[in-house]
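Here is a short briefing to read alongside your structure. Let's take a friendly walk through what joins the chains, then look inside.

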Amino acid sequence: LALFLLFICRPIASAADVQPVPSFTADVMAVLSKAGCNAGTCHGNQNGKGGFKLSLRGQEPAADYLALSRDQFGRRANPLDPEQSLVLLKPSMRLAHEGGLRLKHGSLEYDILRRWIAAGMPPERSNTPRLERIEVQPAQQVLVSDAELPLTVTAYFTDGAQRDVTRLAVYEPSSTIVSVSPEGRIRFADFGEATVIVRYLNEQAPVRLAYVPARADFVWSDPPAVNYIDEHVFTKLRSLRMNPSYLAGDSEFIRRAYLDGLGVLPTADEARSFVADQSSDKRARLIDRLLERPEFAEHWALKWSDLLKNEEKVVDPTGVKLFHEWIRDSFAANKPLDRFVRELIASRGSTYENPPANYYRANRDAITRAEATAQLFLGVRLGCAKCHNHPFDRWTQEDYYRWAALFARVDYKIVTNNRPDDNDKHQFDGEQIVLMKESGEVEDPRTGEQMEPRFLGAAEVLAAENGEDRLLPLAAWLTSADNELFVRSQANRIWYHLMGRGLVEPIDDFRATNPAVNPELLDALSDDFINSGFDVRHLVRAIMNSRTYQLSAEPNETNRGDEINFSRSIVKRLPAEELLDALSAVIGGTHKLYDSPEGTRAGQAWGVGAFQRRAMGERRQRGQRRPMASDAEKFLKLFGKPPRLLTCECERATDATLGQAFQLLSGPTIHRMLTEKDNELAKLLAANESPAEMIDELYWSALARAPTNDERMALVQHMEQSGDWRAAVEDIAWGVVNSKEFLLRR
Amino acid sequence: LNAALLAVVLWPAWHGALVAEDFESKPVAANSQTSFSRQVAPILARHCVACHGPKKPEGDYQLHTFARLMKTGAGELPAIVPGKPDESYLVELITSDDADVRMPKEAESLAAADIELVRRWIADGAKFDGPDAAAALESYLPKPVHPQPPTTYPRPAPVTALAFSSDGSVLASSGYHEVLLWNATDRSLVRRIGNLAQRTHAIAFNGDGSLLAVAAGTPGRMGEIKLFNPQTGELVADLGTFADEVFDVEFTRDGARLAACGADRTIRVYDVAERREVKSIEAHADWVMAIAWSPDGTMLASAGRDKAAKLIDAKSGTVLVTYPGHDEQVFDVVFSANGNQVFSAGRGRELHRWSTDGKSTSKSDVRKKETGPIIGRTRGDIHRLVLHGKRVLAVSADGKLTEFDPARDGREPAMVYEGAPPQAFAVALHEKTRRIAVGAFDGRVTTYEIGDAAPWQVFIAAPGFVKH
């Protein structure tokens, strides 16, 4: 009877195992990712954990196959009795596991791993179809009344097969307001926007989500759209049940337009006459005037000098000045941005005679050049792919080294080098010739194989004869209107500098998993930029004329929570140079700034004073100390002026610190400026009869508005009660420049 | 067909036997006296020690010995207050309703019966009834009843250990919960020796063939060293139980002593006649993968997962040499025939030779091409080494058995034995009968005649296994 029962029972007991054997790459690898086993903090760590190492996020299935099935003499898996496998006992916490509970006993994930072990851990057959892409439904959604939403993830394979992998995909929300169940069900805990990155094997896709209050009484304010920018911004705001703020007043607008367009404040006269102007097109005319002013080019030369690492230690003081002039003149002449970039990439020759060659002077090896070029001109942070395939993007290590190979043949002839410190090999002072060697390759450090060059994301390697220049075809490919990453990253950079936040943010981190907050707008801006022939002024004009740009910073009931959709103007502390120049314009005073001649504004200065040049002809003196930085130079550093060592916008500190507050309240720079004898305050006292006139003038120059009646009365009273008008004006100016209204761009 | 049918009939029965492997403690009658060593220690060992053990004591609480358990941790609350379960922090933690507080962390709560046992043991006065309060819990846990090995193997088990008997007539191989003895000539099954942990990692015969030593373990749970009578299969002695697998075991040439090592990072030396441990040596920072006796029985060489190979005085336990040349895990060590040199190899795919006088190598010498210590290279991780006269054979993950002659110039292999499957884990060699055996992950044993690169015999070391 026992024998009989065994025969009966056996098929029933095995019914559960009739399911197909899980695939190692499509199922088991997905489980390792889903359970987090191969995360960087766990077994995906470079050194593994507890002696068990998996490839980071499952990039190397072949190595993981061996680690699971064979490593440490086959210790981890037990096909003879699958439930007794260490890789099942530990993550299900039936055996203590430092990583905690990762696979619930009996869960679908557990079962996949168990069944694969029970089947004898079959490896993947070599002809197994590869995963081509994944598709997530919906790809974007605004949730209005229901905080939950199920996602569906479909995987497409090279043999045409489709498979629902919702249950196996990994979900990574960008914000803590969202959680996702293992079954792919989104749940918002609070109103707001979030992106969920959906990952299955080596493919990722973002889902953009917003959860907005129902606002039954919401009425769209229907603001007039000036151009395509407003149409795209307003379409999104309306879908989020959010009204944009009202239009900024004239004073708020002119101060913003001058600071964003030129980096300086409007003078009291400019502000007064603009506000007084009654014509309806006065804002558009003002924008046109600003675009023609020399400060426009200086303003952009400062931004690009930061990014192009235009600093004295490597580029040298002469080079810094020449490189800055070349950038400034390029913007002054409205050189199309694609040409500007082509000239940098294809540059060579003397760094003194052909200043764009300083791009390569500043980036001194193939790896640095490759990373800088990707970051600056494609908006791609490639660095991760140096050591392993990029975890959040499509770039592989192969992509990385093939891209670096494009820059392998840049070389230098050092004509002279008068560096004061011979021990510092990274310092140069003197002319250099950037040239192209006939040979020079980059090796893949894993295999030692020489990498043929390939454009980033291109299918084919660069078909170039040996010895042929690689940078000329690169310059053409890079700046082509077909190069989406180039066009978008550059349009986004211009948008960022005017709006205070990129449509893609950070602006040098374009990737599928970091989608634009308004992709339709980024597309439209990019198209406009291409159609204008990469005309920077055209794009700046389009943005500044939009109602979106001209909105007030004041929130309303519906957009109070919004930080990212441009429903109101973004309030920011003035950057270092703009702040010092604004203080100088209101209070007066001159500064010693690096090598620049007296009277140079901080926004015009070309260098950062990385080292001080010796006087020409002076004998080399070892141990000579650098001159002390001036108080104004220290002021700029304190307020975040970057030292230009990185090709990253992030090098400029934009935060507010206690040190900054002390500097403004009682620092040496502010004190010197206020008390300097022939400063603007002295002129104010000389040119005006009454305290009221003086106060009006001070307000217009600092804040682009007249004082309110209350302000005027109180300040006039302060002056009249004071025996010393100069001291009283100093007090009042000190008070005004310490106000938020002065320190912030609104 | 018959064998397949038999497998189908017997498989469920065998599977049922495995259930006993869950080392759950048996329920006790409410009025009986509780026992720390038999009832409480198994619960602690299984659920707590991984995080509150000797390595990194989370929250400063350690539970791997009784003495540690009774000490107060960082919370300044005594884990155990004898007689008062409700004042004992341990009880508070294992019974908490708050999943963030409850231990074990991120796991289901302990079984109600286990919690009740802990409470009752504390209420009974938290008395210690083990042999040594400072000893690891695993050393005196009740011996688990190992499941029966499969009558017929539904699939082969990886061959992780091989050994020839002293006269070369028998080849012993690792099975699943057993060691298998095969006739070395006609490969018929001579005997099955059961009552062993899951995996056997090393098998050693003593010089006169009267004893068979087995190093075994169940991954992540326990390890053991057992002595058997190879003629009868009878258990002669159980030398000890450890926290995790034991990887190697070796007799001195005279058979008087035995050394073993494993995942608990220790090397242990036993007096064979007295069946007792005479020395425990902690010289490595990670698992000790292999040990070897010097020919005169005074020194031990060891291979560590900590990327070190060492030479140790067996009597005092003093480390005489730490060889610095390996950049990767070291899997095996052997002494040269005269005992003046040690060969070591592992994941680095290089065979290193270093001298026992301690003068041999500084780290900077390792990569020197002509004079450096690397005397050979393979294309796969080297899993095991075996000595053949003055030569060394290395079995590697690519299935090759490569013979190196240290005296030869040029460092090319003297010969390569081909035809074993990849992931070859074990090797044994018998000089007199001129036999070599290589065992692999897929259960195959490939045997060779010394000097002939082609296999002599191939068989799957899994009784009853029928390939479909």
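In this predicted model, B:Asp244 pairs with A:Arg75 in a salt bridge whose closest N and O atoms lie 2.8 Å apart. The rule finds three salt bridges across the interface of chain B and chain A, along with 11 residue pairs in polar contact.

**The chain B side of the interface**

- Helix α1 (2-18), helix α2 (36-47) and strand β5 (199-205) of chain B are the elements that each give two or more residues to the side touching chain A.
- The biggest contributor is α1(B), with eight residues.
- Sorted by class, this side of chain B has 21 nonpolar, nine polar and 13 charged residues.

**Extent of the interface**

- In total, 43 residues of chain B are in contact with 35 residues of chain A.
- About 3,400 Å² is buried between the two chains, and carbon and sulfur atoms give 56% of that area.
- B:Glu106, B:Arg155 and B:Phe441 supply 17% of the area that chain B buries against chain A, more than any other three residues.

**Nonpolar cores**

- The largest nonpolar core has 101 residues, and those touching the most other members are A:Trp304, A:Leu308, A:Phe340, A:Phe377, A:Trp403 and A:Ile543.
- Helix α19 (residues 484-499) of chain A provides the largest share of this core, seven residues.
- Beyond its neighbours within four places in sequence, A:Phe377 has contacts that include A:Trp304, A:Leu308, A:Tyr359, A:Leu485 and A:Phe486.
- A second, separate core of 59 residues has A:Phe24, A:Ala30, A:Ala77 and A:Leu149 among its members.

Methods:
Residues are numbered from 1 along each chain as its sequence is written. Chains are lettered from A and ligands numbered from 1 in the order in which they are written. This is a predicted model: local features need pLDDT of at least 70, side-chain atom pairs count only at pLDDT 80 or more; totals for chains, interfaces and linings use all residues. Side-chain values use heavy atoms; hydrogens and water are left out. Contact means heavy atoms within 4.5 Å. Buried area is the accessible area (1.4 Å probe) that two parts lose on being put together, summed over both. A salt bridge is a side-chain nitrogen of Lys or Arg within 4 Å of a carboxyl oxygen of Asp or Glu. A polar contact is a pair of N or O atoms within 3.5 Å; within protein, one must be able to donate a hydrogen and the other to accept it, and residues adjacent in sequence count only if both atoms are side-chain atoms. Helices (H or I, at least four residues) and strands (E, at least two) are DSSP runs, numbered from the N terminus. Ala, Val, Leu, Ile, Met, Phe, Trp, Tyr, Cys and Pro count as nonpolar, Asp, Glu, Lys and Arg as charged, and the others, Gly among them, as polar. A nonpolar core is a set of buried Ala, Val, Leu, Ile, Met, Phe, Trp, Tyr and Cys residues joined through side-chain atoms within 4.5 Å. Buried means under 20% relative accessible area, exposed over 50%, partly exposed in between (1.4 Å probe, protein chains only).
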